[in-house]
Amino acid sequence: MAAELMFCGAARTVTGSKHLLEIEGKKILVDCGLFQGGRELRERNWEPFPFEPTEIDAVVVTHAHTDHIGMIPALVRQGYKGPIYSTKATAGIARISLPDSARLQEEEARYRNKHKLSRHDPALPLYTESDAYAALKLFRDVQYFEQQQLPGGCICRFVPAGHILGSAMVELWLPTGEKIVFGGDLGRYDAPILNDPAEVDSADLLLLESTYGDREHGDEAPMVVLEEV
């Protein structure tokens, strides 16, 4: 049984997270984030998806930051109609952030059209509020440590990542028993109101985004450092 993994974002950059797993003729997309940063990165949001949205069978979301969910409304706008699996808190944050992202894009397009600031006529948003609300209808809540059946005979479960409310690492088992772990973004220990990152003691393949490279978090209390700044 052959499985293929394609990196469609968060490769050679730490934004625009999208990882496509294909197995048994089924396609599972882990995260669908917006590219953020300089102009070169932002323009990648306007390029066609490197896969056909209508052929995706399921979407799994690690957490609700825009660089991990910000292109979901565009995916839905282009034909995706399947389930979007996330923790309950991730879905709750998405209900606020995705319509807000759409409103900002619509306002930006109106401003650029009014002041003739766009190379395009007319300037358009990546997606609209109605696209965002259509995407939110596809979210399906999954509890931490609960096993969720996925297409292609895969099983996944969310374990705490300690990054933001609802953030999770995704443990995904292939039908062969091999295990892939998608780290998402990992947080620190002993953070207020957040579960500590869970211990993951095994994986046949581990995917992590290296936002901080080889730097280590200091031992200083963040609030003390912030006060000094």
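At 51% relative accessibility, Glu-24 is classed as exposed, because the cut-off for that class is over 50%. The model described here is predicted.

**Loop residues**

- Glu-24 belongs to the loop that links β2 (19-23) with β3 (26-30).
- The phi angle of Glu-24 is positive, about 55 degrees, although the residue is not a glycine.
- Phe-145, likewise not a glycine, has a positive phi of about 70 degrees.
- The loop between β6 (139-141) and β7 (148-149) holds Phe-145.
- Phe-145 has a relative accessible area of 46% and is therefore partly exposed, since exposed residues must lie over 50% and buried ones under 20%.
- Lys-81 sits in the loop between α3 (72-77) and β5 (84-86).
- With a relative accessible area of 71%, Lys-81 is exposed.
- A distance of 8.7 Å separates the C-alpha atoms of Lys-81 and Ile-56, which are 25 residues apart along the chain.

**Helix α4**

- Helix α4 comprises 27 residues, 88-114.
- From first to last C-alpha, α4 reaches 40 Å, close to the 39 Å expected at 1.5 Å a residue.
- A kink of about 30 degrees occurs in α4 and is centred on Ala-94.
- Ala-94 is also one of the buried residues of α4.
- Other buried positions in α4 include Thr-90, Ala-91, Ser-97, Leu-98 and Pro-99.
- Further along α4, the buried residues include Ser-101, Ala-102, Gln-105, Glu-106 and Ala-109.
- The helices against which the buried residues of α4 pack are α2 (66-69), α3 and α5 (129-136).
- The buried residues of α4 also pack against strands β5 and β6.
- Lys-116, which follows α4, has a positive phi near 55 degrees.

**Asp-67, a buried acidic residue**

- Asp-67 is located in helix α2, one of the elements against which the buried residues of α4 pack.
- Although buried, Asp-67 has no salt bridge.
- The nearest side chain of opposite charge to Asp-67 is that of Lys-18, 10 Å away, whereas a salt bridge requires a nitrogen-to-oxygen distance within 4 Å.
- Leaving aside residues up to four places away in sequence, Asp-67 touches Val-14, Thr-15, Gly-16 and Ser-17, among others.
- The contacts of Asp-67 also include Gly-33, Leu-34, Gln-36 and Asp-185.

**The five-stranded sheet**

- Five strands form an open sheet with mixed pairing, in the order β7-β8-β9-β10-β11.
- At the edges are β7 and β11 (205-207), each of which pairs on one side only.
- Strands β8 (residues 155-160) and β9 (residues 168-173) run antiparallel and are joined by six bridges.
- Within this pair, Ile-155 is opposite Trp-173 of β9.
- Strand β9 is mostly covered, with five of its six residues buried.
- Strand β9 also pairs in the antiparallel sense with β10 (residues 179-182), over four bridges.

Conventions: Residues are numbered from 1 along each chain as its sequence is written. This is a predicted model: local features need pLDDT of at least 70, side-chain atom pairs count only at pLDDT 80 or more; totals for chains, interfaces and linings use all residues. Side-chain values use heavy atoms; hydrogens and water are left out. Helices (H or I, at least four residues) and strands (E, at least two) are DSSP runs, numbered from the N terminus. Buried means under 20% relative accessible area, exposed over 50%, partly exposed in between (1.4 Å probe, protein chains only). The expected span of a helix is 1.5 Å times one less than its number of residues. The bend at a residue is the angle between axes fitted to the seven residues ending there and the seven starting there. Contact means heavy atoms within 4.5 Å. Two strands pair if DSSP finds at least two bridges between them. Lys and Arg count as positive and Asp and Glu as negative; His and the chain ends are not counted.
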